[in-house]
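Please have a look at the sequence and structure first.

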Amino acid sequence: MNRKKQIGVVGVIFLLLLVVAVIYNSKKEPELSRYTASFLDVFDTKTDVIGYSTDEEAFTEQVSLLKDKLAYYNDLYDIYNDYEGINNIKTINDNAGIAPVEVNRDIIDLLLFSKEMYEKTNGQINIAMGSVLSIWHDYRDAGIDDPENAKLPPMEDLQAASAYMDINQIIIDEEASTVYLPDAHMSIDVGSIGKGYAVQKLAEYAKEIGMKQVLLSVGGNVCAVGKKLDGSDWRIGIQNPDMKSDEAYVEKVDISDACVVTSGNYQRYYVVDGERYCHIIDGDTLMPADYFASVSILAKDSGMADALSTAVFNMPYEEGLAFVNGIDGVEALWVMNDGTIYHTDGFANYIAD
Amino acid sequence: MEENKKKNDLILIGVLLVVALAAYFCMSFFQGANTKNGVAVVKIDDVEYGRFPLVVDTEERIELPDGSYNLLVIQDGKADVTEASCPDGICVNHRAISKQGQSIVCLPNKVVVEIENGEESDLDAVTN
């Protein structure tokens, strides 16, 4: 072979390689890319969605479906606002002592799940606490708006209201699809469970619309569907309650097909005479719990993780540890007010290296 | 004649190679140039209000029509909300942010400060 021929052969091989590369690349289509989106205003918080799609337009379309779905649950489970043409939990409360209210099956399902959680948590999760929680809500709002005159609700008011928090009094007629509160003093508050339950439903809906690998975070209520595209777990930071610390996270966990929910005293609270009072109220003492800065629960089901994070936040550490150890597939991490961290043995399996 | 044809082929191959290489280097150059320049993107009620490069120290008073506000401070490559009219102060208590996807949210004012194009974070989400 002469030199020119050699060059020619090399050139042809090069061209062939180029053609192969181009075909290989086009065969790989549609290639999935990672996209993120967020929206405000649903469940009074920011929702973040991370997913994979062939193009941004398709992803935006999916996120918009998710937003509509979440807004649907928000409207149903709202206890403060009316929505035209919808009977929601506020409608049930407004009709306490008056008449049964016909509601959507998704409300009945949430209430039945809440009763289940009431049993599981020995009454710590009680959606019939509305009478007590609404008093705290009013004092907290007033105290945040006018910190100088912030006050605690009088204990006699709380005790009087606590006479009306028997969850077994809620009359659910599955056949007629109605809910009735037989006493005008009663009211339902799903604040400790509604959002988590809705996020679980949202995760199931995401799969239905073809999002097999997606991470949902509704105001820190995190739910992982599947794994990441590269096959690794999603990595979630557990926020350090000490906002002055340089360490933004107390721990990082790796999860797939699981949820993490945190209840804490460091974001939603008000101050009376220099003392912080958080938004989570213990049904036994009728006062805010003060055992921990935060409790994070890891579980397969977001509704359960949400409910248990509130329940365990209201239990002393030893009691909470025994309680969580008694439930399969649930792990917990506690951040004490002094920054000390405890977790269940099984939680260690999820901690990122 | 035969020789000429071969020569032209070779020239064509050469030109193609040079063009491909040039395109490759251009693409990787621009991608590389884009990765490190984090920007704090401010949105009010999901509508973009402004973009503030983290490399430029600045202060921006984000004012809403009803008189409420959030003070955004960009310093040392980080974005922070240091002052706000909202009653709960959650945005002010939040620590400064600089990594990809981190955000500071003020729900009462519907103001969100979010990092785009920032230094990669190893986290996909945060529970709080």
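The largest nonpolar core has 91 residues, and A:Leu216 and A:Ile297 have the most contacts inside it. A nonpolar core here is a set of buried Ala, Val, Leu, Ile, Met, Phe, Trp, Tyr and Cys residues joined through C-beta atoms within 7 Å. Buried means that 20 or more other C-beta atoms lie within 10 Å of a residue's own, with C-beta atoms placed from the backbone. Domain 1 (33–72 + 211–350) and domain 2 (89–180) of chain A both give residues to this core, so it lies between them. A second, separate core of 19 residues includes B:Ile90, B:Val111, B:Val112 and B:Val113.

This is a predicted model, in which local features need pLDDT of at least 70 and side-chain atom pairs count only at pLDDT 80 or more, while totals for chains, interfaces and linings use all residues. Residues are numbered from 1 along each chain as its sequence is written, and chains are lettered from A and ligands numbered from 1 in the order in which they are written.

Back to A:Leu216: leaving aside residues up to four places away in sequence, A:Leu216 touches A:Val49, A:Val199, A:Leu202, A:Ala203, A:Ala206 and A:Cys223. Contact means that C-beta atoms, placed from the backbone, lie within 7 Å. Of the contacts in chain A with a separation of 6 or more, 60% are between residues 24 or more positions apart. Buried residues make up 42% of the 353 residues in chain A.

The two domains, whose bounds come from an automatic or database domain assignment, have centres 23 Å apart, taken over C-alpha atoms. Where they meet, 13 residues of domain 1 of chain A contact 21 residues of domain 2 of chain A. On the domain 1 side, α8(A) gives the largest share, four residues. Helices (H or I, at least four residues) and strands (E, at least two) are DSSP runs, numbered from the N terminus.

Chain A also meets chain B, with 35 residues of chain A in contact with 24 residues of chain B.

| Side | Residues by class |
|---|---|
| Domain 1 of chain A that touches domain 2 of chain A | eight nonpolar, five polar and no charged residues |
| Chain A that touches chain B | 16 nonpolar, twelve polar and seven charged residues |

Note on methods: Contact = placed C-beta atoms within 7 Å. Nonpolar A, V, L, I, M, F, W, Y, C, P; charged D, E, K, R; others polar. Buried ≥ 20, exposed ≤ 12 C-beta atoms within 10 Å, placed from the backbone.
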